[in-house]
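Please keep the sequence and the model in view while reading.

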Amino acid sequence: MRARIAGLSAALLLSACTEGTHPPKGSDDPGVVAPVDPTDVLGEGTEVARPPSSEEEIAVEVPTPMGQAEVVGLASRGLSDVSQVDVDLRVSGISGKRTVEVEFVSPEGHPYQRRSSVVVAKPDATRTLRFSMPVAGTTVATSLMSGKWSVRFFLDGAPLTTASFTLEP
């Protein structure tokens, strides 16, 4: 009796198997399942939700990065009186994680110092970064590197803005 029950159970399980049977109606390939149209499950309508067509572009406004540099706290301009030069950079229109670089250029036109900083911001936020160049006790003071200095700023390697200041002998 147990053998008959086991045999009937096996036959029942095998009859439930769909592998090797004819494809479902509406399909020529047994491995292809027809997709179901997406519907608006949160709304009360019965319309079918469709993704935007390639002709309909979604307008996403990407702000242009802007930068404004200002030399701050340089009351005295003499090499022997200045301990450091501070430059504030206000950046806006950046999104995500970006790299800001500053390059201090000597009066002779040679890069003197280069630094970088990582900024994380939203497109509508404005960030202020302060970069400093030491003067007292450095080559600037001991080599009497007086004259008009330039400060160049870059955002991810692309030029952003510039500033300048003068150090007198």
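Which residues does S106 touch, not counting residues up to four places away in sequence? This is a predicted model, in which local features need pLDDT of at least 70 and side-chain atom pairs count only at pLDDT 80 or more, while totals for chains, interfaces and linings use all residues. Residues are numbered from 1 along each chain as its sequence is written, and side-chain values use heavy atoms, with hydrogens and water left out.

With contact meaning heavy atoms within 4.5 Å, S106 touches Y112, M145, K148 and W149. S106 lies in the loop between β3 and β4; strands are DSSP runs (E, at least two residues) numbered from the N terminus. At 5% relative accessibility, S106 counts as buried, that is, under 20% relative accessible area with a 1.4 Å probe and protein chains only.

Strands pair if DSSP finds at least two bridges between them. An open sheet is formed by 3 strands in the order β1-β2-β5, with antiparallel pairing. β1 (66-72) and β5 stand at its edges, each with a single partner strand, so one side of each has no neighbour in the sheet. β1 and β2 pair over 7 bridges, and A69 has L89 in β2 as its bridge partner.

β6 and β7 pair in the antiparallel sense over 9 bridges. They form a hairpin with 2 residues between them, and D156 in the turn has a positive phi of about 50°.

The largest nonpolar core has 27 residues, of which F165 and L167 touch the most other members. Such a core is a set of buried Ala, Val, Leu, Ile, Met, Phe, Trp, Tyr and Cys residues joined through side-chain atoms within 4.5 Å.

Note on methods
Buried means under 20% relative accessible area, exposed over 50%, partly exposed in between (1.4 Å probe, protein chains only). Helices (H or I, at least four residues) and strands (E, at least two) are DSSP runs, numbered from the N terminus.
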